[in-house]
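Dear colleague,

Please find the sequence and the structure below. My notes on what was found follow directly after.

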Amino acid sequence: MTRSLARIAGLVAVATFLSKILGLLREQAIAAAFGVGVVADAYSYAYVIPGFLLILLGGINGPFHSAIVSVVSKYDESAAAVIVETVLTWVTLFLLVLSVGMVWGAEPLIQLVAPGLSQTATGAVTQTIAVTQLKILAPLAVLAGWIGIGFGVLTARDQYWLPTISPIFSSVSVLVGLAGAWLWLGNRLWQPEFAPLGGQVLAGSILAGGVAQWLVQLRPQAKLGIVWGRLRWQWRHPGVQSVLNVLLPATLASGMLHINVYVDLQFASYIPEAAAALGYANLLVQAPLGIVSNMILVPYLPLFSRLTDPQDWPELTQRLRQSLVLVALVMVPLGILLAVLAFPVVRLVYERYAFDVAASRLVGGILSAYGVGMFVYLGRDVLVRVFYALGDGETPFRLSVVGIGLNALLDWVLVRAMGAPGLALATAGVNLVTFLGLFVLLHVKLQGLPWRSWLGVLAQITFAGGLAGLVAGGLWHWGAGALGSFWGLLTAGSAGLLVFAGVMLPLRIPETVLLTEKIWARWPGRR
């Protein structure tokens, strides 16, 4: 019997929450062991290609996962086995060649990703460690394909728990690896002479996590008739062709989003410790973005898809405004509070052992820059989903291409003026330009959006968020900080949110009422 959507959603929510918690613990352990030093910096460069492949090919809702789910779900188990085993054969062959290429060309690849490392003595050490780490991580290319295909098969057969919980294996592997290194070396783990060994432990733990993610798939897949190691070459099979028809354009579109990361790392390679700092700050931003994205985008996506007929565009416009304002109501105050309280937030989350005050200042500056762009980041995603619902994937793709050039230009300008935080601010600038471009083009496509009234609402929300930031920042500097990181942040943050609510609630904006009712309905003891 097919499980209800509510049960599936609940299962995925629990698994996602557990994965986020373990992921945070993993990053805290890496920060404690290596801070923003050469090991963490080297890992940021070494992981860019294997990590890109792991997210792109092995990630939930990634191209491999989406292609397999969309095709395999239409076939019975015996026909699906033929399709999956054929895809596995060809994908393994291609990714195996790619992995060998990464091992053979590790040094020139690192030089390409981080050209600035060779200009300083510390950078040269970082480069050497990164080359070794890339050689260790290279097999992740093959594992990424196997993981994405395997989880696609499980999802197509209504098995959701294992695919969603899978990131936990990687997190646990890193925690175990670092714990073993700590028991062996103690405080010496973050001393310079042990940096190469620390880099190998970190990369090896990540690889072990990828192996674990693949191994746990084998038994449930075997029950579905999938035999690993059975070679099939039937690439002309209609099901295989259907997978490729979905896979290739989806991979291209998803890949465009990661090119900006590569551009940022190119510039970061000229700034000591910047790459590691970007990674730590990005984690703190992506957690709330991911949660709010699931809250807003998931329920609105089917609504957008049902309102694509021109006669339904007035309601589509209303739903678009509703989703954008809801995103603003959450992300504007949260982003501003994160920007003004970035330093104590970073200290609370990361500062221990090798991660010192100087590291907190560096990561805090980047986090502040990320915070100011949180609304346009998620607002852009809302607009992209509307274009997809209207059957237009070309417009977002073209703007993504333009965004790559703009990102490089802004990186060049802002890094000169601000250093590492300029990289994060450049990302926010690209998201803002992309958001505005998508909005203007959607205005034309839908034959007019009431943008003046929407702009007025967003201005009110921004004003209230600014007041909240002033109050929270003022409280922190004028006494709340003396309460300690946790209680001080709780006091300052709560005061800021109360100010925001105090300004917005009397305005009776429909979306404010809707959001308040949803929060109140979920309060313990109420229905």
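Which side chains meet in a salt bridge with 2.7 Å from N to O? They are those of Glu-351 and Arg-347. Here a salt bridge is a side-chain nitrogen of Lys or Arg within 4 Å of a carboxyl oxygen of Asp or Glu.

Please note that this is a predicted model, in which local features need pLDDT of at least 70 and side-chain atom pairs count only at pLDDT 80 or more, while totals for chains, interfaces and linings use all residues. Residues are numbered from 1 along each chain as its sequence is written, and side-chain values use heavy atoms, with hydrogens and water left out.

Salt bridges

Side chains of opposite charge can pair when their charged atoms come close. The search of the whole structure returned four salt bridges, including the one between Glu-351 and Arg-347. Arg-347 is partly exposed, at 31% relative accessibility; in these terms, buried means under 20% relative accessible area, exposed means over 50%, and partly exposed lies in between, with a 1.4 Å probe and protein chains only.

Another of the salt bridges joins Glu-27 to Arg-26, at 3.1 Å from N to O. Glu-27 counts as buried, with 14% relative accessibility, and Arg-26 is likewise buried, at 18%. Ser-171 belongs to helix 10 (residues 167-185), and its relative accessible area of 1% makes it buried. Helices (H or I, at least four residues) are DSSP runs, numbered from the N terminus.

A further salt bridge links Glu-315 with Arg-319, where the closest N and O atoms are 3.9 Å apart. Both residues lie in helix 14, four residues apart, or about one turn of the helix. Glu-315 is partly exposed at 35% relative accessible area, and Arg-319 is partly exposed at 25%.

Helix packing

Two packed helices are described by the angle between their axes and the distance between the axes. The axes are lines fitted to C-alpha atoms, for helices over the stretch in contact, and the angles run from 0 to 180 degrees between N-to-C directions.

Helix 14 (residues 313-340) and helix 17 have axes that come within 7 Å and cross at roughly 160 degrees. Helix 14 is therefore roughly antiparallel to helix 17, the term being used for angles over 145 degrees. Their crossing is right-handed; a crossing is left-handed if the near helix is turned anticlockwise from the far one by less than a right angle, and right-handed if clockwise. The contact includes Leu-316, Leu-320 and Ser-323 of helix 14, and Met-374, Phe-375 and Leu-378 of helix 17. Its residues divide into 15 nonpolar, three polar and no charged. In this count Ala, Val, Leu, Ile, Met, Phe, Trp, Tyr, Cys and Pro are nonpolar, Asp, Glu, Lys and Arg are charged, and the others, Gly among them, are polar.

Helix 17 (residues 374-389) also packs with helix 19 (residues 421-445), at an angle of about 35 degrees and with the axes 9 Å apart. This crossing is left-handed. Among the residues that make the contact are Phe-375, Tyr-377 and Arg-380 of helix 17, together with Asn-431, Phe-435 and Lys-445 of helix 19. The residues of this contact comprise 14 nonpolar, three polar and two charged.

Buried elements

Helix 2 (residues 38-46) is largely enclosed by the rest of the structure, because eight of its nine residues are buried. Among these are Val-39, Asp-41, Ala-42 and Tyr-43.

Ile-129, in helix 7 (residues 121-137), is buried at 4% relative accessibility. Ile-129 touches Val-38, Ala-42, Ala-195, Pro-196 and Gly-199, leaving aside residues up to four places away in sequence. Val-38 and Ile-129 are 91 residues apart in sequence and 7.9 Å apart in space, C-alpha to C-alpha.

Backbone at two loops

Glu-273, a residue other than glycine, has a positive phi near 75 degrees. Glu-273 lies in the loop between helix 12 (238-268) and helix 13 (274-306) and is partly exposed, at 35% relative accessible area. Gln-447 is not a glycine either, yet has a positive phi of about 60 degrees. Gln-447 is placed in the loop between helix 19 and helix 20 (451-477) and counts as exposed, at 68% relative accessibility.

With kind regards

Conventions
Contact means heavy atoms within 4.5 Å. Angles under 35 degrees count as roughly parallel, over 145 as roughly antiparallel, 65 to 115 as roughly perpendicular and the rest as oblique.
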